[in-house]
Amino acid sequence: LGPSFATYSPTYEPHVIAWLKQWLTAGDVFWDVGANFGFTAMPTARIVGESGRVIAIEPSQGNLKHLRRNISLNEMTDAITIMEAAVCEKHGGTITLSLLNDGVSPSNSLMFSEKTNEAAPEVSQEIEVSAISLDGLLVQEDRLPTMGKIDVEGAELKVLEGASTLLNHELAPLILLAVHPFWQSTSGDCHKIVSLLQDAGYHIFDSTGQSVEHLVFKEYFCFPSRIML
């Protein structure tokens, strides 16, 4: 990694990396929604190999600078495709992104501009970025994702609302979902997320392997109905 990340742990979010190693294999396709600095995209690229595909989606120019540098340092320029956009419920046009620390932050979000809750942090700048949906990306891509990671600092529901076709597809992907209840629009967003996923046939588990129906600040692994548990 670049010198800015010298103090970071060699294995970022080890339970997430364990999920990746368990459920992905060579040739698979991974969509990284909220790629940040590439800490999930890079180990995934090693797992899926040259025959696989990793798409890293990140809207912040500050984060993109570090993402590109980290990918280059690890000689993964050909293995990881970067998309400069924010994933949400609409495909096309722009959407307002709130930046922390001038955009070099894992916590930039679509959810801070409206100041919908007191937990919203101090914003350094608001910018307009390209908006895409996962259903829109599905139309553009010639291969369905085997797995998708969604880590978008409170905008989880927005992303899932723009993914109805993908989630209900017969080859629907596994979903790694990071939930941030304190930054969501309403206290009911977590319930809506669970209902949306369950209506599409998904089962939701936490990092201990327990089935859950109530979401808190945590990462979850969501299995589509095509996978027999």
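Arg68 is partly exposed, with a relative accessible area of 36%. In this predicted model, Arg68 forms a salt bridge with Glu84, and the closest N and O atoms are 2.3 Å apart. The two partners come from distant parts of the chain, 16 residues apart: Arg68 belongs to helix H3, whereas Glu84 sits in the loop between S3 and strand S4 (86-87). Glu84 is likewise partly exposed, at a relative accessible area of 42%.

**Salt bridges**

Side chains of opposite charge can pair when their charged atoms come close. Four salt bridges are found in a search of the whole structure; the table includes three of them.

| Pair | Closest N to O distance |
|---|---|
| Arg68 and Glu84 | 2.3 Å |
| Arg53 and Glu141 | 3.0 Å |

The salt bridge of Arg53 and Glu141 has an N to O distance of 3.0 Å. This pair connects distant parts of the chain, 88 residues apart, with Arg53 in strand S2 and Glu141 in the loop between helix H4 (134-140) and S7. Arg53 is partly exposed at a relative accessible area of 23%, while Glu141, at 16% relative accessibility, counts as buried because the limit for that class is under 20%.

Glu89 lies in the loop between S4 and strand S5 (94-99) and Lys158 in helix H5, so the pair ties together parts that are 69 residues apart in sequence. Glu89 counts as partly exposed at 37% relative accessibility, and Lys158 counts as partly exposed at 22%.

**The sheet and its helices**

Seven strands form an open sheet in the order S3-S2-S1-S7-S8-S10-S9, and their pairing is mixed. Strand S3 (80-83) and strand S9 (203-205) are the edge strands, each pairing on one side only. On average, neighbouring strands of this sheet are turned by 20° against each other, direction ignored.

Within the sheet, strand S1 (residues 29-33) pairs with strand S2 (residues 53-57) in the parallel sense over five bridges. Trp31 stands opposite Ile55 in S2. Helix H2 (residues 41-48) lies across S1, S2 and S3 and runs at about 165° to S2. Helix H3 (residues 61-73) lies across S2 and S3, at about 170° to S3.

**Glu58, a buried charge**

Glu58 is located in the loop between S2 and H3. Glu58 is buried but has no salt bridge, and the nearest side chain of opposite charge, Lys149, is 7.5 Å away. Because a salt bridge requires the nitrogen and the carboxyl oxygen to be within 4 Å, Lys149 does not qualify as a partner.

Leaving aside residues up to four places away in sequence, Glu58 touches several others, among them Gly34, Asn63, Leu67, Met83 and Glu84.

**Positive phi values**

Glu75, in the loop between H3 and S3, has a phi near 55°, a positive value in a residue other than glycine. Glu153 also is not a glycine and has a positive phi of about 50°; its place is in the loop between strand S7 (147-150) and helix H5 (156-161). Glu75 is exposed, with a relative accessible area of 74%, whereas Glu153 is buried at 7%.

How values were computed:
Residues are numbered from 1 along each chain as its sequence is written. This is a predicted model: local features need pLDDT of at least 70, side-chain atom pairs count only at pLDDT 80 or more; totals for chains, interfaces and linings use all residues. Side-chain values use heavy atoms; hydrogens and water are left out. Two strands pair if DSSP finds at least two bridges between them. Helices (H or I, at least four residues) and strands (E, at least two) are DSSP runs, numbered from the N terminus. Axes are lines fitted to C-alpha atoms, for helices over the stretch in contact, and angles run from 0 to 180 degrees between N-to-C directions. Contact means heavy atoms within 4.5 Å. Buried means under 20% relative accessible area, exposed over 50%, partly exposed in between (1.4 Å probe, protein chains only). Lys and Arg count as positive and Asp and Glu as negative; His and the chain ends are not counted.
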